[in-house]
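Student: Hello! Could you walk me through this structure, one question at a time?

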Amino acid sequence: MNSINEKQKNTLFAVLTVLPSVILIGIFIYGFIGNTIYLSFTDWGEGAGLTENVSKNFVGLKNYRELFSGFIHGRFRQDLVNTVYYSFFLLGGTLLFGLFFAILLDRSLKYESVFRTIFLYPMALSFIVTGTIWRWLLAPKGGFNLIPTIFGLPKSDFLWTSSRASILNFNWQILPRYIFAIAALVLLIPMVKSFYQRKTSLKKQISLSVSFGVSLLFALFLYKIFPPLLPYEEMHGFNLATIGICIAAIWQYSGYTMALYLAGLRGLSESIRESARLDGCNELQYYIKIAIPNLKPITLSAVIILAHISLKLFDLIFAMAGADNANTGHPSINMYLTTFRANNFALGASIAVILFIIAALFIIPYMIHTHKGREA
Amino acid sequence: MKKNGLKILTASLMALFLILGGMTFAEGQKEAPAAGKAAAPSLEVELTNEQPTGTLEIFSWWAGDEAPALNALIKVFEKNYPEVEVKNATVTGGSGVNAKAVLKTRMLGGDPPESFQVHAGQELIGTWVAANRMLDLTPLFEEQGWMDVFPEDLINLIGTENGIWSVPVNIHRSNVMWYVPENLDKWGVEVPETLDEFLEAAKKLEAKGVTPLSLATTWTVNHLWESTALGVLGADDYEALWNGDLSWDDPKVVEVWSVFDEVLSYTNNDAASLSWQQATDLVVQGDAAFNVMGDWAAGYMMTTLGLEADEEFGWTASPGTNGNFMFLADSFGYPKGSKNPAATLAWLKTCGSKEGSDAFNPLKGSISARTDSDLSKYNTYAQSAAKDFQSDRIVGSLAHGVVANEGFMNDFSTVMEMFLNSRNPQQAANACQAIAIQNGLYK
Amino acid sequence: MNKQKTLRLLYYFLMLILVLIFLVPMYMTLATALKDPANINLATSWSFPKKLNWNSFGEAFNMLKPNFFNSVLLTFFATIISAFIGSLNGYVFSKNKFKGSEIIFTLLLFGMFLPYQIILIPLFQVLRTLGLYGTLAGLILAHVVYGIPIVTMIFRNFYDQIPDSIIESAQLDGAHYFQLYRSLILPLSIPGFVVVGIWQVTQIWNEFLWGITLTRPNAYPITVALAQLAGGQAVSWNLPMAGAILAGLPVLIVYIFLGKYFLKGLLAGSVKE
């Protein structure tokens with residue numbers, strides 16, 4: 001009797017303990033997200049956005065339509081393209097370098113802790129500090145551009161953060177075609193696979209083929225049915241000015257992936273390595289065949305965290321290139337400018353929601369995955 | 001089963017939070033049904049003779065080279081009102097872009113500074129006056145006799161039908177082209193007067209490996225554009241652009257963009273990473289021949305670099321704009337909700353006074369907005385500018401907020417970005433037409 | 001044998017190059033900060049000054065002093081408060097699970113990965129309504145609230161390592177919920193507090209977005225002041241560089257001396273240890 005009572009009391013205390021946090025998070029995270037979504041459907045900021053008595057009207061998806069096809073928002077569309085490249089390079093660069101450093105350090109030679117400390121120190125600094133430093137390193141007439149002169153070559157004149165050049169340009173008008181073409185390509189592999197493996201059910205085969213066919217059809221003929229996104233050509237591509245930002249970000253974060261991988265490698269027990277050696281594996285084979293496949297869950301965590309950091313590049317870009325630099329733009333900076341400089345709160349909220357949706361695409365599956373892991 | 005029920009419960013709780021969150025804040029914000037902007041009556045400032053005390057926070061973007069001028073003005077204020085503690089809140093960043101963002105968050109946050117720097121003209125009117133956040137200063141102007149000492153054109157520009165909104169502290173000229181006479185002699189180039197002459201000289205300079213025109217970060221590109229537009233269009237058509245008489249997709253405007261394209265081809269390629277001072281440095285150091293910049297560049301060259309005006313550097317109206325004075329003015333306004341009204345008033349009085357104005361402007365490198373200022377306190381450059389101000393045709397600047405509201409200025413910067421990438425004059429002109437309509441330039 | 005030796009030599013050579021690459025930005029920062037402003041020019045940016053000029057540090061510190069102390073206050077209070085909340089929450093989610101606590105925990109964690117732009121506008125308005133806009137207190141509140149997910153998670157992971165048997169035996173001795181927390185859990189939590197403390201200190205000290213949108217100039221934390229210093233016009237580069245060193249030094253010191261705990265916090269950020 002007593003112990004049941006005690007248990008109930010405990011639960012009551014437990015609930016009371018977390019209640020303030022739950023309420024705070026409920027309001028400050030979920031409530032605020034709801035509010036921002038609501039704001040993104042209004043016209044707050046057009047006209048009298050700064051008056052003391054703000055009036056807002058519901059305008060539906062107008063802000064989103066503006067962002068994707070309004071002709072003044074070309075910068076936002078370039079920002080989205082930049083985001084793809086920023087994320088790609090940050091992820092690719094840090095994972096590769098991090099793994100490389102981790103393998104180098106895994107051999108536990110002398111001074112390992114010194115090396116580790118040096119590879120990881122940029123993580124302790126803020127993006128503003130490192131951004132300030134890198135800005136100086138990448139100044140057009142000094143820093144990195146002088147390095148070739150050490151080898152007697154003429155100095156480079158690459159405009160790190162202010163170059164207007166871009167490569168891999170595509171026309172925004174036909175973006176949907178590209179998307180469907182990529183979808184078709186992605187679907188092609190499992191479809192072909194499903195025909196070769198007898199196990200797959202007919203149902204699955206059919207649904208895969210149908211979605212492949214539809215994507216292909218859309219990719220080829222969609223533009224004949226629907227008007228293009230924009231009334232005129234608008235080219236977007238990979239801005240070379242973003243390279244400098246990517247280098248700085250990789251410099252700062254590869255120590256982090258190194259630490260993750262190193263912990264993972266150390267977590268593999270010595271016996272695994274021993275048995276691999278007995279099986280005649282050399283070092284290289286050990287890493288490729290045994291260690292790296294075992295690091296998969298760590299790679300997954302790293303991808304999630306880095307993807308989320310790449311969406312937060314705000315600070316680094318702000319310090320390195322300035323908020324106004326359109327070539328290195330990012331939706332997070334655009335959101336700040338739109339909201340706090342141009343007073344267009346509703347449009348700023350829409351950009352925030354788009355950022356949030358991109359982040360949620362990564363995070364929600366991950367949260368569900370770890371949640372299941374905990375409950376199991 | 002039970003577990004599922006729990007999940008559904010939590011999910012619906014979460015949804016409830018989302019919706020409630022959306023609703024409650026939405027409720028709180030849904031005041032005043034779109035009551036039209038002009039409907040609210042403007043409030044006049046209340047004059048008082050109370051001796052000001054307490055603190056006075058002055059918000060501006062005058063830091064670095066421009067700080068000494070502000071400090072001189074503050075010194076005059078402190079001498080006259082020793083009881084007030086002045087807090088000088090500056091936010092750096094050329095032409096005030098960062099400062100304006102910070103100011104907005106503060107005003108929206110219900111925390112206005114006692115007085116803030118703002119470009120006189122549409123920038124103030126289109127933003128803060130339209131939002132009904134400023135007090136009408138007409139009584140102050142009448143009391144201080146400023147109606148007579150400030151030029152009438154200027155008062156018209158800083159006011160609307162409903163009142164006068166700020167006290168101008170200075171006048172700057174935007175359409176000035178700077179050079180080093182000695183270098184031009186060396187390169188065998190004459191100072192160009194028209195755009196054609198300029199382009200010819202530029203070709204010659206480029207052949208000699210000299211950058212013909214130095215340029216800096218984004219806003220200086222807009223600055224160059226307005227001078228080019230004035231040069232191509234002439235004052236009448238330039239003004240017609242702003243009062244809606246000349247359409248932005250007119251062939252004349254397309255012509256402005258194509259000339260601008262040609263001018264840009266003679267600028268340094270690392271412009272975007274330079275500050276305006278660094279662009280001026282390029283001219284001073286002999287790496288570039290000309291620089292089009294407002295006359296704060298004179299202050300920079302004389303005060304910071306210690307150069308002798310008219311000898312170590314020279315100036316002329318930017319190509320094709322002779323006889324025109326494109327002006328911009330900094331001013332201070334009185335935001336509603338100032339926590340120290342007496343001190344705000346005292347500060348505005350100082351800004352408009354002869355003593356304050358003549359302490360500030362010689363250091364800032366600008367001229368006084370007052371017609372009775374003591375020219376002997378000013379340098380060679382300012383004296384010549386003051387003379388031009390009296391005789392030239394006066395037009396307003398775009399890049400510095402005199403002729404267009406902030407919405408247009410913001411969008412114009414975007415169009416400029418587009419143009420810098422595409423270099424397509426017709427497209428830029430069409431884009432400008434669209435943003436002009438969107439921002440109510442054709443009323 | 002010989003082959004191994006050359007391999008080892010090669011290895012250290014490679015490490016040396018990598019280390020140099022990682023230290024290049026530091027070198028450049030120091031070299032520029034120690035130069036006389038008149039000698040700073042882009043063409044010679046790599047050379048180390050012959051005569052050291054330490055004045056830049058004093059000058060930069062004078063400019064950043066108020067912001068430095070803002071950041072100290074902000075970091076101190078926000079870290080202490082959030083660590084305490086995190087410890088209590090972690091105690092519940094690890095040792096006093098109740099029906100639905102796992103789901104609540106997952107929902108809490110979601111806040112870790114938000115792009116903060118999504119809550120910026122309402123946050124700004126709420127702080128304004130509370131009269132906290134522009135103040136350090138408002139910034140502290142923001143850091144405490146949005147710090148809850150990560151600190152809760154670190155503490156939960158930490159408490160998961162304390163065996164349940166210890167707690168059960170204490171319960172048999174008649175210790176109740178809060179007694180248990182105070183007499184058993186809290187004393188065991190010191191390493192947890194160190195990890196969380198370091199994590200929060202680093203995060204809060206380095207934060208920028210809220211600093212620039214939620215405070216006014218006299219409450220600016222050091223990151224915002226540094227960005228302004230560096231973004232300002234025609235400042236010679238010795239000052240921003242000295243400022244960058246000053247702004248980075250506190251966390252760098254923590255990192256160098258308590259690197260082990262820093263690493264733990266870092267790894268905790270990846271949800272699973």
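Student: At what angle do helix α8 and helix α12 of chain C pack?

Tutor: This is a predicted model, in which local features need pLDDT of at least 70 and side-chain atom pairs count only at pLDDT 80 or more, while totals for chains, interfaces and linings use all residues. Residues are numbered from 1 along each chain as its sequence is written, and chains are lettered from A and ligands numbered from 1 in the order in which they are written. Helices are DSSP runs (H or I, at least four residues), numbered from the N terminus, and axes are lines fitted to C-alpha atoms over the stretch in contact, with angles from 0 to 180 degrees between N-to-C directions. The axes of α8(C), residues 190-206, and α12(C), residues 259-268, lie 8 Å apart, at an angle of about 80°.

Student: How is α8(C) placed relative to α12(C), then?

Tutor: Angles under 35 degrees count as roughly parallel, over 145 as roughly antiparallel, 65 to 115 as roughly perpendicular and the rest as oblique. The angle here is about 80°, so α8(C) is roughly perpendicular to α12(C).

Student: Which residues of α12(C) does α8(C) meet?

Tutor: Two residues are in contact if their C-beta atoms, placed from the backbone, lie within 7 Å. From α8(C) come Val194(C), Val195(C), Val196(C), Ile198(C) and Trp199(C). Their partners in α12(C) are Tyr261(C), Phe262(C), Lys264(C), Gly265(C) and Ala268(C).

Student: What does Ile154(C) touch, leaving aside its neighbours within four places in sequence?

Tutor: Ile154(C) is among the residues that touch the most other members of the largest nonpolar core, which has 324 residues. Such a core is a set of buried Ala, Val, Leu, Ile, Met, Phe, Trp, Tyr and Cys residues joined through C-beta atoms within 7 Å; buried means that 20 or more other C-beta atoms lie within 10 Å of a residue's own. Its contacts are Gly86(C), Gly192(C), Val195(C), Val196(C), Trp199(C), Gly265(C) and Ala268(C).

Student: How many residues of α15(B) are buried?

Tutor: Helix α15(B) spans residues 354-364 and is mostly covered. Its buried residues, including Phe360(B) and Leu363(B), pack against α2, α13, α14 and α16 of chain B. The count is 9 of 11.

Student: Which helix gives the most to the side of chain A that touches chain C?

Tutor: In this interface, 75 residues of chain A are in contact with 67 of chain C. Several helices of chain A each supply at least two residues, among them α9 and α15. The one that gives the most, with 18 residues, is α1(A).

Key: A residue is buried if 20 or more other C-beta atoms lie within 10 Å of its own, exposed if 12 or fewer, and partly exposed in between; C-beta atoms are placed from the backbone.
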